[in-house]
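Take a look at the chains below. Keep the sequence at hand while you read.

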Amino acid sequence: MGERTVIPFGPQHPVLPEPIHIDLVVEDEHVVEAIPSFGFIHRGLEKLVEKKDFHEFTYVAERVCGICSYIHGMGYCQAVETVMNIQIPPRAKWLRTFWCELSRAHSHLLWAGLLADAFGFENLFMQCWRIRETVLDVIEETTGGRVIFGSAKIGGVRRDVDNDTLKRCAVKIASAAAEFEELKKVFRDDYSVKQRLCGIGMLSRDDAWTLGAVGPTLRGSGVRTDTRLEGYAAYNELKIEPIVETACDSYARCMVRMHEVTQSFDLIQEIAARTPEGPVFEKPSGYPNGEYFARLEQPRGEVIYYVKGNGTKNLSRFRVRTPTFANIPPLLHMLQGCELADVGLIVLTIDPCISCAER
Amino acid sequence: MKPLAMTKLSLKSLFKAPATVAYPAIPREYFTGTRGRILIEPSTCNLCVICDVRCPTKAIKVDRKGQTWTIDRLRCIQCGACIEACPRKCLSNENRYSDPVTHKETLTVPIPFVPPAPKPKPATSAAAPTPAPAPAATPENSDAKDRPV
Amino acid sequence: MSFLKRSPWIVHYDGASCNGCDIEVLACLTPRYDVERFGVVNTGNPKHADILLITGYINEQSQPVVKAIYEQMPEPRVVVAVGICATSGGIFRECYNTKGGVDSTIPVDVYVPGCAARPESIIDGVVKAIAVLEEKHLAMKKARAAS
């Protein structure tokens, strides 16, 4: 029995670009308890809904998080549209799905790079981010922004993408997908990757379910769930099979994300081929009155938007329950008993997005 | 388990063209649709103040009396709300951002707009301070030329 | 790039941003943009750094952290505010938790516009910061010679 020591982790830490602070109670080399503290990037943007027009708030909603920005903007729009009873045109639905999948691919590639960096595989980190740049190029070409897409709008999408561009983007994505397959082999087979990930950060199926994990963290523990099956946007016309791994460790979570990138690339091809013609925007009229919960699948898991309108131009309440927020209790559970050197890695395996969690 | 998966990948990239772009030496070609800084065409603007009202960050200030349109480039988030709202379509996106600066400053563009004169009496007084002639070197383009390398 | 005499080291801190600018700062280090070809190295230790890149605005809780990082950096030091949030508070300016841009807490030398700032803008900003660093270095030398 060694002496107990408290080691602070963060807020400014080389492993994570974002500030998170965890007090690690350590006994010898093993973590006994992890106590998080938050608020370094709390912005209080939910309160901003009282000051901004509900159309204008789309720009704020997109900036809940810069990595999955489009899905945030779209989730907000979807919630308001349901309250206002607007049917958006089919082409807008398909374009939304297109951008959702692009942002999933770019987010997972980003995460894969950070993970490789966290276990000291610099070369793999660079390769992941190289492929990600191709995805970002497609995003920039179709929406005009690299990370903040700025193309969500209540009643549809803000800009149309002509079919030639869609086809051209599909070709670019196909080349990125081919390169990614080689990378995936490295993640699947490489000795050093397996050495660092297998058996680390165990989260059993029951624990994951009880502690309320979402997204790849939950699917990596063997629970078959995916909010895309709800069939929002154009997902009801696409065939989606949730990717489930049963090993319950960091490696399983990594592989879930790897397979999801492939799945996203395939979906992008399908969407580019199947997007119907038509208008992309329907002008909404009136003000939202009523409340709604919208559920969407983000790269990190299920995200929930609650919107309550009172018939004026300002909404009376807006609330986001982001996936990282839901994944923090499972993370603290995983950290108990792990070795100090693995802390950075385990924190990364839930794909933390602190600015989402703190809003 | 294949032990040389990464080695294969690394060796391959030895024979590929470099992924790096020589950015400051070779300027970047942006996509046509890229959202960048906001430009104004002063000759068509009618000082309607809609862009001022719609801007989510209050980066645009329109002075109707002084006949100027002012933008704080360090506040503009390139969302394009003003462009969508502009009834005369005088605002547009350039496809690149403005350059980094060492001091905060705003850009003021004089607007040579003559308000239509429904009543003859105030019209003479309004037209008297001669509307600034259409600026030869449009100020919003002036900072495009001296791009540091 | 011949005017580059030094290889400045960078420390990056995320004040309270949406992540967009942070990942663009990271993207600068990766193959497409690769700022390491200018000798720019991202370090985690403020005592090794010449340039402080801050993304996002300052809030109540991050203010002491930013101050601490700034004070730990050796002279001459340059602060670069990356992104609209860092320069002026941006879209979150009206939030109850904002203190404003980075210049509300520490002096800022270079402002990089953009939401989110593009890697190209960040490279331009860093190049400008290097020029400022050089100036500060000369001023320090002069002051030392005078005393």
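This is a predicted model: local features need pLDDT of at least 70, side-chain atom pairs count only at pLDDT 80 or more; totals for chains, interfaces and linings use all residues.

Residues are numbered from 1 along each chain as its sequence is written, while chains are lettered from A and ligands numbered from 1 in the order in which they are written.

**Chain C**

Chain C has four helices and seven strands. Here helices (H or I, at least four residues) and strands (E, at least two) are DSSP runs, numbered from the N terminus. Along the sequence, the pattern of chain C reads β-α-β-β-β-α-β-α-β-β-α.

The C-alpha atoms of chain C fill a box of roughly 50 × 40 × 25 Å along the principal axes. The radius of gyration of chain C is 15 Å, which agrees with the value near 15 Å for a compact globule of 147 residues. That radius is taken over C-alpha atoms, and the globule rule is 2.2 Å times the number of residues to the power 0.38.

Of the 147 residues in chain C, 59% are buried. A residue is buried if 20 or more other C-beta atoms lie within 10 Å of its own, exposed if 12 or fewer, and partly exposed in between, with C-beta atoms placed from the backbone.

Contacts in chain C with a separation of 6 or more were also counted. Of these, 80% join residues 24 or more positions apart. Two residues are in contact if their C-beta atoms, placed from the backbone, lie within 7 Å.

**Where chains touch**

Chain C puts 31 residues in contact with 34 residues of chain A. On the chain C side, β1 (9–14), α1 (20–27) and α2 each give two or more residues. The most come from α1(C), with six residues. This side of chain C divides into 15 nonpolar, ten polar and six charged residues. Ala, Val, Leu, Ile, Met, Phe, Trp, Tyr, Cys and Pro count as nonpolar, Asp, Glu, Lys and Arg as charged, and the others, Gly among them, as polar.

Chain B has 15 residues in contact with 18 residues of chain A. The chain B side holds nine nonpolar, four polar and two charged residues.

**A sheet in chain A**

Three strands of chain A form an open sheet in the order β1-β2-β3, with antiparallel pairing. Strands β1 (4–9) and β3 (30–37) of chain A stand at the edges with a single partner strand each, so one side of each has no neighbour in the sheet. Two strands pair if DSSP finds at least two bridges between them. Seven bridges join β2 (residues 21–27) of chain A to β3(A). The bridge partner of A:D23 in β3(A) is A:I35.

**Backbone details**

| Cis peptide bond | Omega |
|---|---|
| C:E75 to C:P76 | near -15° |
| C:C115 to C:A116 | about -10° |

C:P76 lies in the loop between α2 (62–72) and β5 (78–82) of chain C. C:A116 sits in the loop between β7 (110–112) and α4 (119–146) of chain C.

Which residue has a positive phi of about 60° although it is not a glycine? That residue is A:N85. A:N85 lies in the loop between α2 (69–84) and α3 (90–118) of chain A. A:N85 is exposed, with 10 other C-beta atoms within 10 Å.

B:L47 is not a glycine, yet its phi is positive, near 55°. B:L47 lies in the loop between β1 (38–40) and α2 (50–54) of chain B. B:L47 is partly exposed, with 18 other C-beta atoms within 10 Å.
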